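I opened this model to look up its charged pairs, its strands and its rings. My notes follow in the order I looked.

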Amino acid sequence: MRFGDFEIDLINGAHHKGNLFTANDRMSNFCILEPLATKDATSLAEVMIAALSPYKELLHTVTSDNGKEFAEHMRIADELDVGYYFAKP
């Protein structure tokens, strides 16, 4: 395994108040947590790109679930120059 293969997700707070973007490197368990005001795809893409940009040279793949909050996956893949994959349900 190698550093730079991230699994990402969105955690919703109790009563849908607050959201947390999570990115976890599969090899090292290095974890990035970023708060989100809303869970829409545009906000998530902006936060994700900002959070992972410092590691752009080390990134290889990103894997997410099939939630609608990841609808801007093509933008994310393009801006981070990373392979983007979806987990099989």
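**Entry 1: salt bridges**

I began with Glu79 and Arg75, whose side chains form a salt bridge with N and O 3.1 Å apart. I keep in mind that this is a predicted model. Glu79 and Arg75 are 4 residues apart in helix α2, which puts about one helical turn between them. I looked up the general rule: an α-helix has 3.6 residues a turn, so residues three or four places apart point the same way. Glu79 is partly exposed at 36% relative accessibility. Arg75 is partly exposed too, at 28%. The pair is part of a network: salt bridges with shared partners join Glu72, Arg75 and Glu79.

How many salt bridges are there by this rule? I count 4.

Next I took Asp5 and Arg2. Their salt bridge has its closest N and O atoms 3.0 Å apart. Is Asp5 buried or exposed? Asp5 is buried, with a relative accessible area of 10%. Arg2 has 40% and is partly exposed.

Then I checked Arg26 and Glu7. They form a salt bridge, with 3.3 Å between the closest N and O atoms. This pair links distant parts of the chain, 19 residues apart. Arg26 sits in the loop between β2 (19-25) and β3 (31-36), and Glu7 sits in strand β1 (residues 5-12). Arg26 is partly exposed at 46% relative accessible area. Glu7 is partly exposed at 40%.

**Entry 2: helix α2**

I went back to the helix that holds Glu79 and Arg75. Which residues of α2 are buried? In this helix (residues 73-80) they are Ile76, Ala77 and Leu80. Looking down the axis of α2, I find its buried residues within an arc of 95 degrees, so they line one face of the helix. Met74 and Asp78 are exposed, on the face of α2 turned away from the buried side.

What do the buried residues of α2 pack against? They pack against α1 (41-52) and β5 (83-86). I also noted Asp81, which follows α2 and has a positive phi, near 55 degrees.

**Entry 3: the sheet**

I traced the strands next. There is an open sheet of 5 strands with mixed pairing, in the order β3-β2-β1-β4-β5. Which strands are at the edges? They are β3 and β5, each of which pairs on one side only. On average, neighbouring strands of this sheet are turned by 20 degrees against each other, direction ignored.

I followed the pairing strand by strand. β1 and β2 are antiparallel and pair over 7 bridges. Phe6 is opposite Asp25 in β2. Helix α1 packs on the sheet and touches β1, β2, β3, β4 (61-64) and β5. The direction of α1 makes about 145 degrees with that of β3.

β2 and β3 also run antiparallel, joined by 6 bridges. Thr22 is opposite Leu33 in β3. β2 and β3 form a hairpin, with 5 residues between them. In the turn, Asn29 has a positive phi of about 65 degrees.

**Entry 4: aromatic rings**

How many aromatic pairs does a search of the whole structure find? I get 4. I looked at Phe30 and Tyr55: their ring centres are 5.4 Å apart and their planes are at 65 degrees, so the pair is edge-to-face. Phe30 is in the loop between β2 and β3, and Tyr55 is in the loop between α1 and β4, so the pair ties together parts 25 residues apart in sequence. Phe30 is partly exposed at 30% relative accessibility. Tyr55 is partly exposed at 27%.

I then checked Tyr84 and Phe86. Their aromatic pair is tilted, with 5.3 Å centre to centre and 55 degrees between the planes. Tyr84 is buried at 12% relative accessibility. Phe86 is partly exposed at 35%.

Ring pairs link Phe3, Phe6, Phe30 and Tyr55. Phe6 is already in my notes as the residue opposite Asp25 in β2.

Methods: Residues are numbered from 1 along each chain as its sequence is written. This is a predicted model: local features need pLDDT of at least 70, side-chain atom pairs count only at pLDDT 80 or more; totals for chains, interfaces and linings use all residues. Side-chain values use heavy atoms; hydrogens and water are left out. Buried means under 20% relative accessible area, exposed over 50%, partly exposed in between (1.4 Å probe, protein chains only). Helices (H or I, at least four residues) and strands (E, at least two) are DSSP runs, numbered from the N terminus. The arc is that of the directions from the helix axis to the C-beta atoms. Contact means heavy atoms within 4.5 Å. Two strands pair if DSSP finds at least two bridges between them. Axes are lines fitted to C-alpha atoms, for helices over the stretch in contact, and angles run from 0 to 180 degrees between N-to-C directions. Rings of Phe, Tyr and Trp (its six-membered ring) pair if their centres lie within 6.5 Å; planes under 30 degrees apart count as stacked, over 60 as edge-to-face and the rest as tilted.
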